[in-house]
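Subject: Structure for you to look at

Hi,

Here is the structure I promised to pass on.

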Amino acid sequence: MRRYYAMLIERNEKDMVGKMKQFATYFTHGVRHGGELRASIHRAQEAAAIVGSVDEFFLGEPAAR
């Protein structure tokens, strides 16, 4: 997920935030508490905030979820 998002950012596509939000559903399907990550991503307005949400979700403390 992070690699795909990094590629979108690198290409600086004008609709990258929309694509990130769209693909969040696919990437998080079946992931425990994936709905929390999807909600965080869909609230974000910038690519950096989305990547931050992904990092926090996957690198954060599992007991907090």
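Two bits of housekeeping. This is a predicted model, so local features need pLDDT of at least 70 and side-chain atom pairs count only at pLDDT 80 or more, while totals for chains, interfaces and linings use all residues. Residues are numbered from 1 along each chain as its sequence is written, and side-chain values use heavy atoms, with hydrogens and water left out.

**Helix 1 against helix 4**

Helices here are DSSP runs of H or I with at least four residues, numbered from the N terminus. The axes of helix 1 (residues 2-11) and helix 4 come within 11 Å of each other and cross at roughly 165 degrees. Those axes are lines fitted to C-alpha atoms over the stretch in contact, and the angle, on a scale from 0 to 180 degrees, is taken between N-to-C directions. The pair is therefore roughly antiparallel, a label for angles over 145 degrees. Helix 1 passes helix 4 in a left-handed crossing, meaning that the near helix is turned anticlockwise from the far one by less than a right angle.

From helix 1, R2, Y5 and I9 meet A47, I50, V51, V54 and D55 of helix 4; contact means heavy atoms within 4.5 Å. By class, this contact has six nonpolar, no polar and two charged residues. For the classes, Ala, Val, Leu, Ile, Met, Phe, Trp, Tyr, Cys and Pro count as nonpolar, Asp, Glu, Lys and Arg as charged, and the others, Gly among them, as polar.

**The core**

The largest nonpolar core has 14 residues, and Y5, M20, I41 and I50 have the most contacts inside it. Such a core is a set of buried Ala, Val, Leu, Ile, Met, Phe, Trp, Tyr and Cys residues joined through side-chain atoms within 4.5 Å. Buried means under 20% relative accessible area, exposed over 50%, and partly exposed in between, with a 1.4 Å probe and protein chains only. Helix 1, helix 2 (16-28), helix 3 (34-43) and helix 4 each supply at least two residues of this core, and the largest share, five residues, comes from helix 4.

S53 sits in helix 4 (residues 47-59) and is buried at 14% relative accessible area. Not counting residues up to four places away in sequence, S53 touches L37 and S40. L59 also lies in helix 4, but L59 is exposed, at 71% relative accessibility.

**The loops**

N12, in the loop between helix 1 and helix 2, is not a glycine, yet has a positive phi of about 55 degrees. N12 is exposed, with a relative accessible area of 56%. H33, in the loop between helix 2 and helix 3, has a positive phi too, near 65 degrees, and is likewise a residue other than glycine. H33 counts as partly exposed, at 29% relative accessibility.

A44 belongs to the loop between helix 3 and helix 4 and is buried, at 8% relative accessible area. Beyond residues up to four places away in sequence, A44 touches K21, A49 and I50.

Cheers

Technical notes. Parallel < 35°, antiparallel > 145°, perpendicular 65-115°, else oblique.
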